[in-house]
Amino acid sequence: MILFATIFMSGQLLLRSVIEERTSRTIEILLSSVTPDELMRGKILGLGALGLTQMVFYLILGLSATHYKGWAAIEFSQIPTFMIYFTTGYLFYASIFAAMGTFFTSEQEAQQSSGVISIIAMLPIIFASYFITNPGSSFTIISSYIPPLTPFMMIIRVGTGTVELPEIVYTTTLMILSCAALLKLSGKIFRTAILLYGKKVTIKEIVKWART
């Protein structure tokens, strides 16, 4: 839940920031000093640092409370793994939100579309009881290799103590490659669509921009 909350809080801030700057035409002033790629990277890294700071705060607070109360909590040795999946998960979803921000002129329209993405990311949490009780099932393992679900699935499975180091390496590599590809794709869309005003972006146009 901490992973989901921090990724989507930062992602929503990124989406809102792009929309506000487009509608106020502030984006035109910014692009006079930096390139679209630099602007997108700066937004993603800046809000990613904010999200990471929030997550570290929540982790410290949560671990302190659970240690004081004697409740079960994640092991300190698992925190580096948690950070890896937060970073790759954030970059994956932030690239989507950055590109989505160029499609809309109002936050209400954007929220409706981003809700679909949120539902996909919520699936591991919704079915967490199954994944926790069946960490070695084929369905659980296959779900761990689907990039939109991987960060959340692996955190759940790492908590069960059934994941070996090679699988962490494989899924981390998968996420790094997925993030690189998605950031490149989002960069193409961001550069093309950021200054388009007064028209609805179609799927056909998005595919065309992605191919160029």
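Colleague: Which residues of helix 9 does helix 3 meet?

Modeller: In this predicted model, the helix 3 side of the contact is formed by Pro36, Asp37, Leu39, Met40 and Ile44. By class, the contact of helix 3 with helix 9 has 6 nonpolar, 2 polar and 2 charged residues. The partners in helix 9 are Leu183, Ser186, Gly187, Phe190 and Arg191.

Colleague: Is helix 3 oblique or roughly antiparallel to helix 9?

Modeller: The two helices pack at an angle of about 125°, and their axes are 9 Å apart.

Colleague: What is the handedness of the crossing in which helix 3 passes helix 9?

Modeller: The crossing of helix 3 past helix 9 is right-handed.

Colleague: Is leucine 39 buried or exposed, and what is its relative accessible area?

Modeller: Leucine 39 lies in helix 3. Not counting residues up to four places away in sequence, leucine 39 touches Ile27, Leu30, Leu31, Val34 and Phe190. Buried means under 20% relative accessible area, and leucine 39 is buried, at 9%.

Colleague: How many Å separate the C-alpha atoms of leucine 39 and serine 64?

Modeller: Leucine 39 is a residue of helix 3. Along the chain, leucine 39 and serine 64 are 25 residues apart. Their C-alpha atoms are separated by 38 Å.

Colleague: How far apart in space are arginine 191 and leucine 39, C-alpha to C-alpha?

Modeller: Arginine 191 lies in helix 9, whereas leucine 39 lies in helix 3. In sequence, arginine 191 and leucine 39 are 152 residues apart. In space, the C-alpha to C-alpha distance is 9.8 Å.

Colleague: Is arginine 191 buried, partly exposed or exposed, and what is its relative accessible area?

Modeller: Arginine 191 touches Pro36 and Asp37, when residues up to four places away in sequence are not counted. Arginine 191 is partly exposed, with a value of 39%.

Colleague: Which residues of helix 4 does helix 3 meet?

Modeller: Helix 3 and helix 4 pack at an angle of about 145°, with their axes 10 Å apart, and helix 3 passes helix 4 in a right-handed crossing. From helix 3 come Met40, Lys43, Ile44, Leu47, Gly48, Gly51, Leu52, Met55, Val56, Leu59 and Leu63. The residues of this contact divide into 16 nonpolar, 3 polar and 1 charged. Those in helix 4 are Ile79, Phe82, Met83, Phe86, Tyr90, Leu91, Ala94, Ser95 and Ala98.

Colleague: Which residues does tyrosine 93 touch, not counting residues up to four places away in sequence?

Modeller: With residues up to four places away in sequence left out, tyrosine 93 touches Ile7, Phe8, Ile117, Ala121, Pro148 and Phe152.

Colleague: Is threonine 81 buried or exposed, and what is its relative accessible area?

Modeller: Threonine 81 lies in helix 4. Leaving aside neighbours within four places in sequence, threonine 81 is in contact with Val158 and Ile168. Threonine 81 is buried, because its value falls under 20%. The relative accessible area is 13%.

Colleague: Is helix 8 roughly parallel or roughly antiparallel to helix 9?

Modeller: Helix 8 (residues 150-160) packs with helix 9 at an angle of about 165°, their axes being 11 Å apart. Thr150, Pro151, Met154, Arg157 and Val158 in helix 8 meet Glu167, Ile168, Thr171, Leu174 and Met175 in helix 9. Helix 8 passes helix 9 in a left-handed crossing. Angles over 145 degrees count as roughly antiparallel, so helix 8 is, relative to helix 9, roughly antiparallel.

Methods
Residues numbered from 1 in each chain as written. Predicted model: local features only at pLDDT ≥ 70, side-chain atom pairs only at ≥ 80, totals over all residues. Heavy atoms only, no water. Contact = heavy atoms within 4.5 Å. Axes fitted to C-alpha atoms, helices over the stretch in contact; angles between N-to-C directions. Helix = DSSP H or I, 4+ residues; strand = E, 2+ residues; numbered from the N terminus. Left-handed = near helix turned anticlockwise from the far one by under 90°. Nonpolar A, V, L, I, M, F, W, Y, C, P; charged D, E, K, R; others polar. Buried < 20%, exposed > 50% of the residue type's maximum accessible area, 1.4 Å probe, protein only. Parallel < 35°, antiparallel > 145°, perpendicular 65-115°, else oblique.
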